[in-house]
Amino acid sequence: MVSNPVHGLPFLPGTSFKDSTKTAFHRSQTLGYRNGYAIVRRPTVGIGGDRLQFNQLSQAELDELASKAPVLTYGQPKQAPPADFIPAHVAFDKKVLKFDAYFQEDVPMSTEEQYRIRQVNIYYYLEDDSMSVIEPVVENSGIPQGKLIKRQRLAKNDRGDHYHWKDLNRGINITIYGKTFRVVDCDQFTQVFLESQGIELNPPEKMALDPYTELRKQPLRKYVTPSDFDQLKQFLTFDKQVLRFYAIWDDTDSMYGECRTYIIHYYLMDDTVEIREVHERNDGRDPFPLLMNRQRMPKVLVENAKNFPQCVLEISDQEVLEWYTAKDFIVGKSLTVLGRTFFIYDCDPFTRRYYKEKFGITDLPRIDVNKQEPPPVKQELPPYNGFGLVEDSAQNCFALIPKAPKKDVIKMLVNDNKVLRYLAALESPIPEDKDRRFVFSYFLATDMISIFEPPVRNSGIIGGKYLGRTKVVKPYSTVDNPIYYGPSDFFIGAVIEVFGHRFIILDTDEYVLKYMESNAAQYSPEALASVQKHVRKLEAPASESESKQTEKDPGVQELEALIDTIQKQLKDHSCKDDIREAFQIYDKEASGYVDRDMFFKICESLNVPVDDSLVKERQGLTLLPDWNAVV
């Protein structure tokens, strides 16, 4: 007979039981997918949701499958290697158990204490089961402290057994070398380690304190002093307490007097005063440390003591009505000591604290005693007398031995031997001055101007140097701030006023045109336009220039012929540079012209070949030869 496995009824018609709670009669899913792959799985639930017992493996079968090895396929399995052995000195390296303990030590030779409590730390090293006892060092204890027992294995009985970490706990006594230590507590690591090993720890105890050390921490007994002033108490209370004040003695009203700084010390232990000098480096004074030695200072004397000679009077309490005390030294007030009036302007922090606690004075600010320097006196130059340059005249006011004004060396090196030459006419109502011509030379290195008037034959006016090298001030410029003529002020048609004389620029040389072309930014549009106009005139037809050459003065034609002749003779001469340097030396005004006699004298000195015909021709010439054209 087959019984119903669920309800225990025989499986016979009329005895079967249908469970109305079952609603699902489908077959279990046996096909699944994992990571995109189809996987067959065994069904665990039958039709109706009943679990299939024959598809489930028991625990014994699972253990058998786990330990079963496929011998036929892979052969006999290899035995797994044993686990690595870790020695104790590696597993417990730097792991130390720390216990707080104390022991009691007898003090037989003292009347103030009978025993002494000494606190120690017991260290247990797990790596080799060794122990050490260390007493923390207490400053000024007078007892040798530190390592009481060095690190070693300690015996706990006479049989030779050693202390193990299982023997240590809180609230127990352990005896080491005859001393009994009371373990009261341990650190957090020790507590966690012992609890992890199954040891139940006792509750921690309070560390015992040394009675004599606690007695020393109590405040001293206060004794009631008598009503009269106790000098011994003052000495003991205020010993090494000194009030420091910073003062000055201003003696500038007397002849050769000065303002000097001092330090005043007031000793609270005996009410004495000391005044020390403050020496500065290179002050020229002997290094005496004290102005007044430490002594008591009388404030008010009796009437008889004032008439008695001070040099033989020994000051005592009978001659003094009142002595100087700490309340007489206040920041911001004056103090007369030995005939000198000292002004106190500052004190140190201890003095401020003392005055606040003793007298209730809280406001003691520092007073600035530094004298303000008078503003510098503006140096006024005397009016210009008209001689020389303004800069040269001003040097006489700056130093007893005047020096030459500073020059722009860079400008002098860059513009050395650079000269701008202009042809000018004198603007004058006098008819004789209308035909006079002047050569302006502007030196770029020094901004100086020289004027040379070429001599004209039968004019009745002696030519030559008209103005030496100097700076020319522009009109309408002040004496305090003079403005001098510059290169931009010289152009064709410009009017130059030189010390009351007006000149009109008529022409320039070729170097000026090149300079203006390369430095066009320095010149005004009017100046550039005048140069352009002048260049157009120079480019006139050749016929006009030839007609003008025929109208030249006979003397000028003779001079040009002489120059051509000399140039032909100097064509193959090897010392042209020496000739140019010699002419530059004798032409001090850089005008480009020298006298006839000087011209032939230079030629003779340099062994320049000069024919006799040229010597005869020079006797009939009155014009100055241009040595630039010759060389």
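Predicted model: local features only at pLDDT ≥ 70, side-chain atom pairs only at ≥ 80, totals over all residues.
Residues are numbered from 1 along each chain as its sequence is written, and side-chain values use heavy atoms, with hydrogens and water left out. Local features need pLDDT of at least 70 and side-chain atom pairs count only at pLDDT 80 or more, while totals for chains, interfaces and linings use all residues.

**Exercise 1. Find which residues of helix H11 are buried and which are exposed on the face turned away.**

Step 1. Buried means under 20% relative accessible area, exposed over 50%, and partly exposed in between (1.4 Å probe, protein chains only). Helices (H or I, at least four residues) and strands (E, at least two) are DSSP runs, numbered from the N terminus.

Step 2. List the buried residues. H11 spans residues 510-518, and its buried residues are Val 512, Leu 513, Tyr 515 and Met 516. Down the axis of H11 they fall within an arc of 165 degrees (taken from the directions from the helix axis to the C-beta atoms), so they line one face of the helix.

Step 3. Turn to the other face. It carries the exposed residues Glu 510, Lys 514, Glu 517 and Ser 518.

Step 4. Look for the cover. Contact means heavy atoms within 4.5 Å. Strand E17 (419-427), strand E22 (501-508) and helix H12 (525-538) are among what covers the buried residues.

**Exercise 2. Describe how strand E4 pairs with E3 and E5.**

Step 1. Recall the rule. Two strands pair if DSSP finds at least two bridges between them.

Step 2. Take E3 (residues 96-106). It pairs with E4 in the antiparallel sense over 11 bridges. Phe 99 has Ile 122 in E4 as its bridge partner.

Step 3. Take E5 (residues 130-135). It pairs with E4 in the antiparallel sense over five bridges. Tyr 125 stands opposite Ser 130.

Step 4. Inspect the turn. E4 and E5 form a hairpin with four residues between them. Asp 129 in the turn has a positive phi of about 60 degrees.

Step 5. Eight of the 11 residues of E4 (115-125) are buried.
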